[in-house]
Amino acid sequence: MDGVQLGARFSLATNRLKYCGPDDAEPTLYRAITRGESIAEARGALARFEALMPYLEAIAAHHGKDPFDRDVVEAYWVGNPLLDDFRRSEFVELLGRLTRRGLPRSIANRLEAHLPERPIPHHVFHVGFVGVGAVTGHVPTTLPNIESCRPAWARVEAVKGAKLTVRRPLLRAAEGRLLWGPETSEDVLFDPKVLPGIAPGATVAMHWGWPALELTPDQSRSLQDYTRRSLDAANESLPRLHVL
């Protein structure tokens with residue numbers, strides 16, 4: 001699986017919902033995921049996702065890599081050491097990239113004024129700090145949407161036809177901060193062509209209610225670790241931003 005295919009897995013659900021990216025991207029992304037075809041076209045489609053590309057470009061620029069290098073894409077969606085030494089000044093530049101993609105300048109200025117000490121260019125930090133839908137304006141920044149948009153790890157408890165029963169922790173808000181709430185089990189639809197051979201005991205990454213990727217044990221640990229770091233960083237600033 002290369003970086004384009006990995007990015008397509010996390011971007012397909014939001015494109016289907018018409019939240020991000022070009023309206024006609026879904027078939028191209030699906031072919032890239034399931035057949036390994038149309039990779040160049042999928043890369044071009046992903047490059048038009050409004051909030052995605054500024055992050056990939058920022059991580060890539062810091063390390064001298066291509067934005068669709070697999071490690072770069074994994075860093076943003078799952079987490080890996082490419083995120084560890086990102087500087088506040090680089091996140092200020094990243095906010096500028098986001099404004100060129102649609103983030104209102106007034107929001108960017110407010111975020112810059114309350115930037116935490118260690119901002120992390122991870123998707124969980126984006127949805128918690130910058131805000132779900134802040135760039136496109138397609139969805140409001142609410143707790144349910146933050147929960148849906150964050151890449152969440154979930155343990156597969158059962159496979160029933162085209163459904164998985166998964167168990168995962170949920171976020172809650174208290175005193176303007178994002179905190180962990182109880183675990184819940186739920187049934188979700190999945191695509192066997194996307195997750196062939198998925199079985200009870202596996203861990204999947206969820207995005208907008210869709211199981212996007214079967215995580216390796218290392219990836220599962222990384223996603224949990226960088227989610228914690230992202231929430232800690234966001235919670236430095238959220239009470240002052242008054243968004244929850």
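Mentor: Happy to! Let's settle one term before we start: contact means heavy atoms within 4.5 Å. Please also keep in mind that this is a predicted model.

Trainee: Thanks! With that cut-off, which residues does Arg 16 touch, not counting residues up to four places away in sequence?

Mentor: Arg 16 is placed in helix α1. Its relative accessible area is 33%, so Arg 16 is partly exposed. With residues up to four places away in sequence left out, the residues that Arg 16 touches are Glu 26, Tyr 30 and Trp 210.

Trainee: And how far apart are the C-alpha atoms of Arg 16 and Val 166?

Mentor: Along the chain, Arg 16 and Val 166 are 150 residues apart.

Trainee: Which backbone oxygen does the side chain of Asn 15 reach at 2.8 Å, besides that of Cys 20?

Mentor: Let's begin with the contacts of Asn 15 beyond its neighbours within four places in sequence: among them are Cys 20, Pro 22 and Phe 49. A polar atom of the Asn 15 side chain lies 2.8 Å from the backbone oxygen of Cys 20. The other backbone oxygen, reached by the side chain at 2.8 Å, is that of Pro 22.

Trainee: Moving on from that helix, what is the phi of Lys 18 near?

Mentor: Lys 18 sits in the loop between α1 (3–16) and α2 (26–35). With a relative accessible area of 45%, Lys 18 is partly exposed. Its phi is positive, in a residue other than glycine, and is near 65°.

Trainee: Ser 38 is another residue with a positive phi. Which side chain makes a polar contact with the side chain of Ser 38?

Mentor: Ser 38 is in the loop between α2 and α3 (39–46), and its phi is near 55°. At 3.0 Å, the partner in the polar contact is the side chain of Arg 31.

Trainee: Now for Arg 168. Which side chain is joined to the side chain of Arg 168 by a polar contact of 2.5 Å?

Mentor: Arg 168 is in strand β2 (residues 163–174). Its relative accessible area is 10%, so Arg 168 is buried. Among the residues it touches are Arg 150, Trp 153, Glu 183 and Met 206. The polar contact of 2.5 Å joins Arg 168 to the side chain of Glu 147.

Trainee: Which backbone nitrogen lies 2.8 Å from a polar atom of the side chain of Asp 191?

Mentor: Asp 191 is found in the loop between β3 (177–189) and β4 (203–207). At a relative accessible area of 16%, Asp 191 is buried. The backbone nitrogen in question belongs to Lys 193.

Trainee: Let's zoom out. What is the radius of gyration of the protein chain?

Mentor: The protein chain has 10 helices and five strands. For 244 residues the globule rule gives 18 Å, and the chain is close to that, so it is as compact as a globular protein of that length; its radius of gyration is 17 Å.

Trainee: Last one: how far apart are the mean positions of the positive and negative charges?

Mentor: Buried residues make up 53% of the 244 residues, and carbon and sulfur atoms hold 49% of an accessible surface of about 10,400 Å². As for charges, the protein chain has 30 positive and 30 negative ones. Their mean positions are separated by 2 Å.

Terms used: Residues are numbered from 1 along each chain as its sequence is written. This is a predicted model: local features need pLDDT of at least 70, side-chain atom pairs count only at pLDDT 80 or more; totals for chains, interfaces and linings use all residues. Side-chain values use heavy atoms; hydrogens and water are left out. Helices (H or I, at least four residues) and strands (E, at least two) are DSSP runs, numbered from the N terminus. Buried means under 20% relative accessible area, exposed over 50%, partly exposed in between (1.4 Å probe, protein chains only). A polar contact is a pair of N or O atoms within 3.5 Å; within protein, one must be able to donate a hydrogen and the other to accept it, and residues adjacent in sequence count only if both atoms are side-chain atoms. The radius of gyration is taken over C-alpha atoms; the globule rule is 2.2 Å times the number of residues to the power 0.38. Accessible areas come from the Shrake-Rupley method with a 1.4 Å probe; for residues, only the protein chains shown count as cover. Lys and Arg count as positive and Asp and Glu as negative; His and the chain ends are not counted. The place of a charge is taken as NZ of Lys, CZ of Arg, CG of Asp or CD of Glu.
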